[in-house]
Amino acid sequence: MNYLAHLLLAGPDPEAMLGALMGDFVFGRAALAEYSAVERREILVHRQVDRYTDSHPRVVAARGLFTEGLRRYAGIALDVFYDHCLARDWARYSDEPLDAFTSRFYRYLLARLDDLPPRLRAIAPRIASHDWLGSYRDRASVDLAVTRIATRLSRNGDRLVACLDDLRTHEAAIAEGFDAFFPQLRGYTVRARALLQGG
């Protein structure tokens with residue numbers, strides 16, 4: 001899952017949402033000690049969500065639609081496309097309008113700038129000023145985001161960009177898989193969080 005999905009799964013508490021976002025920027029167990037109990041919990045939930053997603057039959061089937069040499073990179077393209085599916089059909093998943101949801105989180109994110117992991121601190125102002133989360137409602141943002149991610153890969157970024165052709169070819173089937181998969185992920189996330197809380 002990409003940023004928007006993790007935030008929705010953690011919401012509505014902004015501290016929990018921040019922890020969910022930090023899951024992509026905090027690594028290892030020792031680093032968890034720097035964050036609040038809520039943030040630590042959501043970083044761990046984030047990791048479990050990613051593992052569940054990667055092994056879910058619908059996601060495995062979606063990766064299988066990509067050309068064999070690209071499947072290793074397809075997961076990144078899928079994560080971004082799933083955020084598009086979520087943003088496009090946001091009213092199906094949340095009673096809070098997307099712009100209100102993202103604006104509320106951006107305010108909290110920027111207020112906590114000094115507490116963020118260094119890499120997140122560096123990009124947080126751009127996330128907010130360019131409305132990265134809300135922009136996913138536009139299909140063109142998927143290609144733009146994937147292309148940007150490809151430039152940050154140490155190698156084989158061209159293979160990630162090549163995934164975009166397969167994604168367009170199979171877009172309807174992948175979106176249908178997301179519609180079936182995401183409610184199951186929400187249920188899993190509730191259970192995973194309860195276990196971490198000892199409930």
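Modeller: Helix H9 gives the largest share of the lining of the largest pocket, 6 residues, where helices are DSSP runs of H or I with at least four residues, strands are runs of E with at least two, and both are numbered from the N terminus. The model is predicted, so to speak of local features pLDDT must be at least 70 and side-chain atom pairs count only at pLDDT 80 or more, while totals for chains, interfaces and linings use all residues. Residues are numbered from 1 along each chain as its sequence is written, and side-chain values use heavy atoms, with hydrogens and water left out.

A pocket here is an open set of points on a 1 Å grid over the protein atoms alone, where a 1.4 Å probe fits, with protein on both sides within 12 Å along at least five of seven lines, and its lining residues have an atom within 4 Å of a point. The largest pocket has a volume of about 830 Å³, a volume being the space filled by probe spheres set on the points, which are joined across faces, edges and corners.

In total 25 residues line this pocket, and Asn 2, Tyr 3, Tyr 136, Ile 149 and Arg 152 lie nearest its centre. The elements giving two or more residues to the lining are H3 (37-55), H5 (71-88), H7 (118-129), H8 (132-135) and H9 (140-152). By residue class, the lining divides into 12 nonpolar, 5 polar and 8 charged residues, with Ala, Val, Leu, Ile, Met, Phe, Trp, Tyr, Cys and Pro counted as nonpolar, Asp, Glu, Lys and Arg as charged, and the others, Gly among them, as polar.
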